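Have the structure open as you read.

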Number of protein chains: 2
Amino acid sequence: MSESRRAGRQARTAERSRRGSGVGRPYILRNIPTYDVLSEENLARIETAADRILAETGIEFRDDPVALDHWRRAGARVDGLRVRFEPGMLREVLASAPPVFTQHARNPANSVQVGGRSVVFAPAYGSPFVMDLDRGRRFGTIEDFRNFIRLAQSSPNLHHSGGTICEPTDVPVNKRHLDMVLAHIELSDRPFMGSVTAEERSEDSIEMARILFGAGFVDQNCVILGNVNVNSPLVWDGTMTRSLRAYARANQAAVIVPFILGGAMGPVTSAGAIAQAHAETMAGCALTQLERKGAPVIYGNFLSSMSLRSGAPTFGTPEPAIGSMVVGQLARRANLPLRCSGNFTTSKLPDAQAMTEGTMSMLAAIHCGANFILHSAGFLDGLLSMSYEKFMLDADLCGALHSYLDGVKVDDDQLAVDAFAEVGPGNHFFGASHTMAHYETAFWDSSLADNEPFEKWEAAGSVDAASRANRAWKKALAEYEAPALDEGVREELRDFVARRKAAEDDRWY
Amino acid sequence: MSESRRAGRQARTAERSRRGSGVGRPYILRNIPTYDVLSEENLARIETAADRILAETGIEFRDDPVALDHWRRAGARVDGLRVRFEPGMLREVLASAPPVFTQHARNPANSVQVGGRSVVFAPAYGSPFVMDLDRGRRFGTIEDFRNFIRLAQSSPNLHHSGGTICEPTDVPVNKRHLDMVLAHIELSDRPFMGSVTAEERSEDSIEMARILFGAGFVDQNCVILGNVNVNSPLVWDGTMTRSLRAYARANQAAVIVPFILGGAMGPVTSAGAIAQAHAETMAGCALTQLERKGAPVIYGNFLSSMSLRSGAPTFGTPEPAIGSMVVGQLARRANLPLRCSGNFTTSKLPDAQAMTEGTMSMLAAIHCGANFILHSAGFLDGLLSMSYEKFMLDADLCGALHSYLDGVKVDDDQLAVDAFAEVGPGNHFFGASHTMAHYETAFWDSSLADNEPFEKWEAAGSVDAASRANRAWKKALAEYEAPALDEGVREELRDFVARRKAAEDDRWY
């Protein structure tokens, strides 16, 4: 390690300890229970409704004969593209899926546990646009993409590098995955996600992970995730199932996510949308096990609502938030790791609306027991834009959530009974020995919130939170330092990318 | 009822139903469980720590010999001003306090239940300053005070008129309570709070309630609340205990609230601060029962933290939020109605920081089971300012929380199983009969959030949430209509105020 890198690491460690004990861990092990809102009886009713959907209406699997073969062999009823499942069949197939697994990072200190009590924060995923206060909204580029990786890597509050943080629209559609995976590997030493937009792009992503980690290691360990979406209602497209199978085949984890806007791709009532999502997710998760028994897989969910006035999708609203708690309970009954919710908003600015909706949505993910929280930072504009400022605001909230998930520790030292005898009625605790011993780690300290008195804040220019976030991302990018990477590995990866790019014409659609 | 008033009421009813089924109720009966984070064992440890504080260090009761007499007769050890309590004694005294009571409003349709599954939203309380985007920060006046009552009364998302919504600093200190209570009665037909800043002001407040409701009714029913604060750590000032006793004596409800900034008025560790608050609250609550057995009383709490960098108080931070869950559990074990948390922030603007902190703090109140949520709307600036815009943003969040607290209903209709057979894989639910039947009430619809596509939002002027809130409060004030009040009662109240004002010289401190 070079002198400057060592100094940088020490500075970061100091930075972390300055902000209290909460942050700087590779992932969180929650010390508070999940928030369970439904009775066992009502959960069973939802499962029964899902079973009925699966048995009576079934799910269509398009453009993937291998998937249909898998289902046939597993005993499902296949009628054309339509697959129907006997109640209980998917749960049986899913018995082989691990409830907890480790996703390895190239820096082993950054490997994350997915499942059980773990909580992993990853940036938002998939926006075609990016925004900042200086330049407004524009199409995302590969440089924006790289910038967000740098910001995530610099944040002590996030754990994961994410995947398609924004669409690098200046790179041909059929070659983006190569540049994206390369950027994750070169600019971050945290775990990351690969592409899923075509089976061969999934395989390319995994192949690059093999170059980084070694093929033998990859065959036995999860090092890359792929996020696949159901074409709700009740359709799995071949592009997605082929990608899902590519990840499973390589023993890598697919994240299985129905995307239901209530009233459009599913019922307008929460219980129905949850039952549908459960059916769709369980089918996708089970398919990974038919491709490779024991492959890691994540039970995903994305509930949403819509505006009754305009029919526009809405995010960070109360119904999906409380619905997430039910989804969490169902995932735990299925004994699978959970991805749920995230930080969502339809606001077009990093303003009050953005953080009301974002905080409600993010806390739902925290309370429902989500293990892998994709979309932890950056979204504005109804998922269509990654905002530089919102990224910083959200990452700051992620920092707060470390302390929140630590819960309230109860022991003699924390109860401080002796301190009351020392201080006595009417006196202050500032100088008490108990206060001195705990002062520096007692509270999480936001780096973006302004807690100063009004007069001091006004004298400093009356700066709002969005403008502070604007300064913060610029500072973070200016101070960013790439983690070291073996030069042989780097060269091999770059060769692979160059070779794969040369093999195809550019495609822009 | 006049024609125009009837039309106004019909318009309001239509407005409520347009926004979904959530809002417009006099109060909420929660349909989701509380979020319990600590084990019984750890709760018992906190209670034991509180018992030790009460028995060993005790609490000082200043300037109130009657309170000391009460304690002596109840069997506490009184040593000068210091009172010490045997473990279990306060719980025994509190056995007579009602776990649930009704606070009556002058419009019976607006009476609220306090305790059990109820959730009541009241505006923020006690700021010396007010703010709006046009005029910035300034001292509050009686006209500001009246405006906030009008805004609360106009909101279908709030339930209670509150108390000292802002300090009317243009009215002498010793006469403010008269104008404030009169304003609550004249401008709102919802329940309200009286003054507590001196025993005679508490009695004036209650006397005005007697004029409104009749003395006999008031003696048997709760019609006014008084919010009293502990002078933490472990001191009860005579001003507060005399007011507390005045409310209890009249069979009215005192809200008993320790105010602990961790590290200043209590230990810097949450468990210790919670144990202290429990001790202080239990003592105050018990004192009401010694004044009048069976008087309603609310177990209150106000946890906070501080910035490790500046020592400034911080609000809406994770430690008090998760700590509130423990406070909720303790209040339920004490079998008392709970007031906890609220919508807090140190931000000086209705910006992203304000709503991150405010939403985290408010959701803590929701999850911990608070029955009476004072400070539901309006605070900025570390409790020092009431913001017109923040009030509207917060009230909008209160609307969302109606739907949130309704939870997820599970029955055949909500599960929509037949709809899947109707719609089938790959089709949309827009025109499905199930969607049609539920469309209008399925989702809460914010009146402040902008869910439009970016282009439409941009074409409409790229307005942020704070500016929309600015328009909204002006519109609400312009459209406000005072609820009818019996002219005889109005005259009697005004006479009382005039007489009481004439009896004293103005005091400005």
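Strand 3 of chain A and strand 4 (residues 82-84) of chain A run antiparallel, joined by three bridges. One of the pairings to look up is A:Arg77, whose bridge partner in strand 4 of chain A is A:Arg84. Keep in mind that all of this comes from a predicted model.

Zoom out a bit and these two strands belong to an open sheet of four, ordered 3-4-2-12 in chain A, with mixed pairing. Strand 3 (77-79) and strand 12 (235-236) of chain A sit at the edges with a single partner strand each, so one side of each has no neighbour in the sheet.

## Helix 3 of chain B

Which residues of helix 3 of chain B are buried? In this helix, residues 65-74, they are B:Ala67, B:Leu68, B:His70 and B:Trp71. They span an arc of only 155 degrees around the axis, which means they lie on the same side of helix 3 of chain B.

As for what covers the buried residues, the list includes strand 2 (59-61), strand 3 (77-79) and strand 4 (82-84) of chain B, along with helix 4 (89-93), helix 9 (238-249) and helix 10 (270-291) of chain B. Just after the helix, B:Gly75 takes a positive phi of about 100 degrees.

## A three-stranded sheet in chain B

Chain B also has an open sheet of three strands in the order 14-16-17, again with a mixed pairing. Strand 14 (260-261) and strand 17 (313-314) of chain B are at the edges, each with a single partner strand, so one side of each is left without a neighbour in the sheet.

Strand 16 (residues 303-306) and strand 17 of chain B pair in the antiparallel sense over two bridges. B:Met306 has B:Pro313 of strand 17 of chain B as its bridge partner.

## Where the chains meet

How many residues are in contact between the chains? On chain A there are 123, touching 122 on chain B. The area buried between chain A and chain B is about 9800 Å², and carbon and sulfur atoms give 68% of that.

On the polar side, 32 residue pairs are in polar contact between chain A and chain B, both residues at pLDDT 80 or more. Helix 12 (residues 352-368) of chain A gives the largest share of the side of chain A that touches chain B, at nine residues. The two chains also share eight salt bridges. One salt bridge links B:Asp412 with A:Arg45, where the closest N and O atoms are 3.5 Å apart.

Terms used: Residues are numbered from 1 along each chain as its sequence is written. Chains are lettered from A and ligands numbered from 1 in the order in which they are written. This is a predicted model: local features need pLDDT of at least 70, side-chain atom pairs count only at pLDDT 80 or more; totals for chains, interfaces and linings use all residues. Side-chain values use heavy atoms; hydrogens and water are left out. Two strands pair if DSSP finds at least two bridges between them. Buried means under 20% relative accessible area, exposed over 50%, partly exposed in between (1.4 Å probe, protein chains only). The arc is that of the directions from the helix axis to the C-beta atoms. Contact means heavy atoms within 4.5 Å. Buried area is the accessible area (1.4 Å probe) that two parts lose on being put together, summed over both. A salt bridge is a side-chain nitrogen of Lys or Arg within 4 Å of a carboxyl oxygen of Asp or Glu. A polar contact is a pair of N or O atoms within 3.5 Å; within protein, one must be able to donate a hydrogen and the other to accept it, and residues adjacent in sequence count only if both atoms are side-chain atoms.
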